[in-house]
Amino acid sequence: MRVMKFGGSSVADADRIRAVGEIVCQAAQEGPVALVFSAMKGVTNSLLEAADLAQDGQGAYRDILRDLRSRHEQVVRELVPPGDTGGTADLVENLLEELSELLHGVSLVRECSPRTRDLVVSFGERLSCPVIAAYLTSRGTPAEWVDAREMIVTDENHGSALVKSSRTSQAIAGRLHGVTGIPVITGFIAATPQGVTTTLGRNGSDYTAALVGAAMAASAVEIWTDVDGVMSADPRYVEKAFVIPDLSLQEAMELSYFGAEVIHPYTMIPSVERHIPLWIKNTLNPGARGTRITRESPETDHTITGIASIENVALINVQGGGMLGIPGIASRVFGALARAEVNVIMISQASSEHSICLCVRETELHRACEFLRQELRPELESRRIEQFEEQPSLEIIAVIGAMMRGHPGIAGKLFSALGDSGLNVLAIAQGSSEMNISFVINREDRKAALNVVHDAFFSE
Ligand SMILES: Nc1ncnc2c1ncn2[C@@H]1O[C@H](COP(=O)(O)OP(=O)(O)O)[C@@H](O)[C@H]1O
Ligand SMILES: N[C@@H](CC(=O)OP(=O)(O)O)C(=O)O
């Protein structure tokens, strides 16, 4: 069995869904397939925005609802034939009505808990899948939509729930064996053992596909999107970026962690660890080979595999002459940040131990500094630690590749290229795995730095 996942970009409108139909009908003739779909492009964001507006008591959430209604009614009109026996048009109407009532409730109580928010966003995938299944059936490829909440069991960590693996595996296998035709599975959404709706984190449909692939011992998991594969750098910034034909799981995870949105960190683990290859393919160019992600590192001529970047980060520098003698300072700093629920993206500490430099999301900077100030108040008052240096408006760039290990001269080449172009580097970190070197630059240098590094390593 092949598991094929189509992201929001592949189901943006009726035309895109028709293109998906071509690919799926062809694949179904070659052998068994299971499909996973996301919500239509932008729908999850719209639902979240509507929930925020309703919570604030702003009637503007109704404008978003109107827009969602018209988008979904339009695809039903264009793709579902009048003789559809599955009652798809009614189902979509009922779902839109239910969503409207839910948001009305949120606006009345002016409260939207993470649990309710998950229920609101679940409508995106619950609306897209029945329409797609009805369309495929009308093209002569019988399909049945499957609500993943019946199969994927998670904890109650709303917004980014943790999957209970073995229960989920059994439930997927059990549910899919009962499906007649091709299963069209809602990505991203799941449920607790009590049946409460949860979600797997933003872009979580890739994870759904990997879970289905692992449970069904698939021959491949395919992530269909709008680019020819994972590229050597974000194609929106680097014109010369090219498709990486093969990637190891480790490299793919590093690239996605550092911002290559095309794949999602960790989501590929369930299938790739079972030696099921994961492919990134282009719905707009199905003939292109794509990128293959496997457990082991592939052979390559390049010393680095790819470059990724994270935008909107900030640097906090904790430093002071008295830091050397303070016991457990690192654990206190990171303990405070953990309590603040701040995600530390990058850490760099000079061996002198006079400073710890860390990178966080810009949106979390204020909270991070508040908690740090509280934790380190005695040292700040006695001036053993200076007031933190806070620098917003920065970017992290990471250079990634399994071949970097034991390959001298990479850092030299990287920083000479940046220095020669007059680009200032504010902090540097290297993982002990030697699979990545990451560095921090000013926001306005992002495009230039990505291109300079890309040229330095890939121009030959
Ligand atoms: N290294 C990279 N390789 C390929 N695409 C990338 C990379 N970095 C960022 N992207 C962006 O990721 C986008 C695809 O991700 P996304 O929009 O989440 O797709 P989908 O909706 O199909 O899940 C591409 O259009 C591309 O602009
Ligand atoms: N619809 C969800 C899940 C998802 O994976 O979407 P996409 O495949 O379009 O990234 C989201 O936007 O987060």
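Predicted model: local features only at pLDDT ≥ 70, side-chain atom pairs only at ≥ 80, totals over all residues.

Colleague: Fine. Which residues come nearest to ligand 1?

Modeller: There are 18 residues around ligand 1, and S9, T225, D226, M231 and R236 come nearest.

Colleague: What polar side-chain atoms lie by an oxygen atom of ligand 1?

Modeller: T225 has one at 2.8 Å from a ligand 1 oxygen. R236 has one too, at 3.2 Å from an oxygen atom of ligand 1.

Colleague: And what about M231, side chain or backbone?

Modeller: Backbone: a polar backbone atom of M231 is 2.8 Å from a nitrogen atom of ligand 1. As for cover, ligand 1 has 580 Å² of accessible area on its own, and the protein covers 86% of that.

Colleague: What's the shell around ligand 1 like by class?

Modeller: Seven nonpolar residues, six polar and five charged.

Colleague: Switching over. Which residues surround ligand 2?

Modeller: K5, G7, G8, S38, T44, E125, F188, R202, N203, G204 and S205. By class, the ligand 2 shell has one nonpolar residue, seven polar ones and three charged ones.

Colleague: Which contacts does an oxygen atom of ligand 2 have with side chains?

Modeller: An N or O atom in the K5 side chain is 2.8 Å from an oxygen of ligand 2. For N203, an N or O atom of the side chain is 2.7 Å from a ligand 2 oxygen. On the backbone side, a polar atom of G204 is 3.4 Å from an oxygen atom of ligand 2. The protein covers 85% of the 340 Å² of accessible area that ligand 2 has on its own.

Colleague: Which pocket does ligand 2 sit in?

Modeller: The second largest pocket.

Colleague: Where is K5 in the fold, by the way?

Modeller: K5 is in strand β1, which runs over residues 2-6.

Colleague: Last topic: which residues does the UniProt "binding site" annotation cover?

Modeller: According to the unreviewed UniProt entry, K5, F6, G7, G8, T225, D226 and R236.

Colleague: Why don't they all gather at one spot?

Modeller: They span 232 residues in sequence and the farthest two C-alpha atoms are 22.9 Å apart, so they do not all gather at one spot. From this set, R236 is in the lining of the largest pocket.

Notes. Residues numbered from 1 in each chain as written. Chains lettered and ligands numbered in written order. Heavy atoms only, no water. Near = heavy atom within 4 Å. Polar contact = N/O pair within 3.5 Å; in protein donor to acceptor, adjacent residues only side chain to side chain. Areas by Shrake-Rupley, 256 points an atom, 1.4 Å probe, with all protein chains shown as cover. 1 Å grid on protein atoms, 1.4 Å probe; cavity = no way out; pocket = protein on both sides within 12 Å on 5 of 7 lines; lining within 4 Å. Sits in = over half its atoms within 2 Å of the grid points. Nonpolar A, V, L, I, M, F, W, Y, C, P; charged D, E, K, R; others polar. UniProt positions renumbered as here; feature names shortened; annotations may be inferred. Helix = DSSP H or I, 4+ residues; strand = E, 2+ residues; numbered from the N terminus.
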